[in-house]
Amino acid sequence: MTGEPGNSETVSSTDTGTFGKVMAVLDLVLSADEPLRFTDILQRAGQPRGTLHRQLAHLVREGLLVAGPDGSYSPGLRLLRLAHRSWSRHSFRSVAEPHLARLNAITGETVHLGVLSGADIVYIDKVESRQGVRMGSQIGKASPVYCTGLGKAAISLLPDPALEALLAGLQFVRHTPQTLADADALRREVEEIRAAGYALDREEHEEGIRCVAAPIRAGTDDVVAGISVTGPAYRVSLPQLLDWSPVVRATAAEIGRDWRLRLGLFR
């Protein structure tokens, strides 16, 4: 579930093959925060107008995208059904599920499970808070590693060469005044996370949102993951996050142990 670091905002000119180009356009539309119009996609995709028209028409016919009345494109029902089947059958997610529920019961706040994908952390499961104000995160959504507790926890597991390769490809965007500004700052924080065993999001991705996260040592290179407890800053103080850090770390360790047992890796 790991990949080479990169920027998903544009389609690379090195992509080859018709299928690869169509998938790149699909990924571009799905990665956008809001539905994109044809002109937006054309600007970002770097493909000829006629080719892009045919690709989008094919994706719409297959039910993977829906064309809105305003000319924008959004995920189609077929894609959502495929995604649901994928998440429901994901064995790592199924191993973690009871642990997520237990951590949610202990803390009362939203619990996330995420896996590393290139320079992003992708949420593959979530147990919602029982409180009145809930998180806007969604299963399948990708967020930058450098400004999320889950992302920082996950990359702390990377060996130094892989970490340096990822850092070299990151583009740091200041989402809030607390967002880490550059690779040096993230590198220093990763060292602190490795020593402490947990990571914090101090309103770095969204103002008013905090979390504590821990890396999951899955024992295989294809699963680099983490777990987090997230809540609104008015309800979840930094001392509260620190109080939760031992149980978050213990839960991550239990998920990693159960996953290794599933794979027959007794280490």
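In the protein, residues 24 or more positions apart account for 60% of the contacts with a separation of 6 or more. The model is a predicted one, and it contains 9 helices and 9 strands. Of the 267 residues in the protein, 45% are buried.

Two helix pairs that share helix 3 were examined. Helix 1 (residues 18-31) packs with helix 3 at an angle of about 75°, the two axes being 10 Å apart, and helix 1 is therefore roughly perpendicular to helix 3, as the range for that description runs from 65 to 115 degrees. On the side of helix 1 the contact involves Lys21, Val22, Val25 and Leu26, which meet Leu52, Gln55, Leu56 and Leu59 in helix 3. Sorted by class, the residues in the contact of helix 1 with helix 3 comprise 6 nonpolar, 1 polar and 1 charged.

Helix 2 (residues 38-45) packs with helix 3 (residues 49-61) at an angle of about 120°, with 11 Å between their axes, and this angle makes helix 2 oblique to helix 3. The crossing of helix 2 and helix 3 is right-handed. Phe38, Ile41, Leu42 and Ala45 are the residues that helix 2 brings to the contact, while helix 3 contributes Arg49, Leu52, His53 and Leu56. By class, the contact of helix 2 with helix 3 has 6 nonpolar residues, together with 1 polar and 1 charged residue.

Arg210 has a relative accessibility of 17% and so counts as buried, the cut-off being under 20%. Its side chain reaches the backbone oxygen of Ala233 at a distance of 3.3 Å. When neighbours within four places in sequence are left aside, the residues in contact with Arg210 are Asp201, Glu203, Val229, Thr230, Gly231, Ala233, Val236, Ser237, Leu238 and Leu241.

Glu203, one of these contacts of Arg210, is found in the loop between strand 7 (199-202) and strand 8. The relative accessibility of Glu203 is 18%, and this residue therefore also counts as buried. The backbone of Glu203 has a phi near 60°, a positive value in a residue other than glycine.

Terms used: Residues are numbered from 1 along each chain as its sequence is written. This is a predicted model: local features need pLDDT of at least 70, side-chain atom pairs count only at pLDDT 80 or more; totals for chains, interfaces and linings use all residues. Side-chain values use heavy atoms; hydrogens and water are left out. Buried means under 20% relative accessible area, exposed over 50%, partly exposed in between (1.4 Å probe, protein chains only). A polar contact is a pair of N or O atoms within 3.5 Å; within protein, one must be able to donate a hydrogen and the other to accept it, and residues adjacent in sequence count only if both atoms are side-chain atoms. Contact means heavy atoms within 4.5 Å. Axes are lines fitted to C-alpha atoms, for helices over the stretch in contact, and angles run from 0 to 180 degrees between N-to-C directions. Helices (H or I, at least four residues) and strands (E, at least two) are DSSP runs, numbered from the N terminus. Angles under 35 degrees count as roughly parallel, over 145 as roughly antiparallel, 65 to 115 as roughly perpendicular and the rest as oblique. A crossing is left-handed if the near helix is turned anticlockwise from the far one by less than a right angle, and right-handed if clockwise. Ala, Val, Leu, Ile, Met, Phe, Trp, Tyr, Cys and Pro count as nonpolar, Asp, Glu, Lys and Arg as charged, and the others, Gly among them, as polar.
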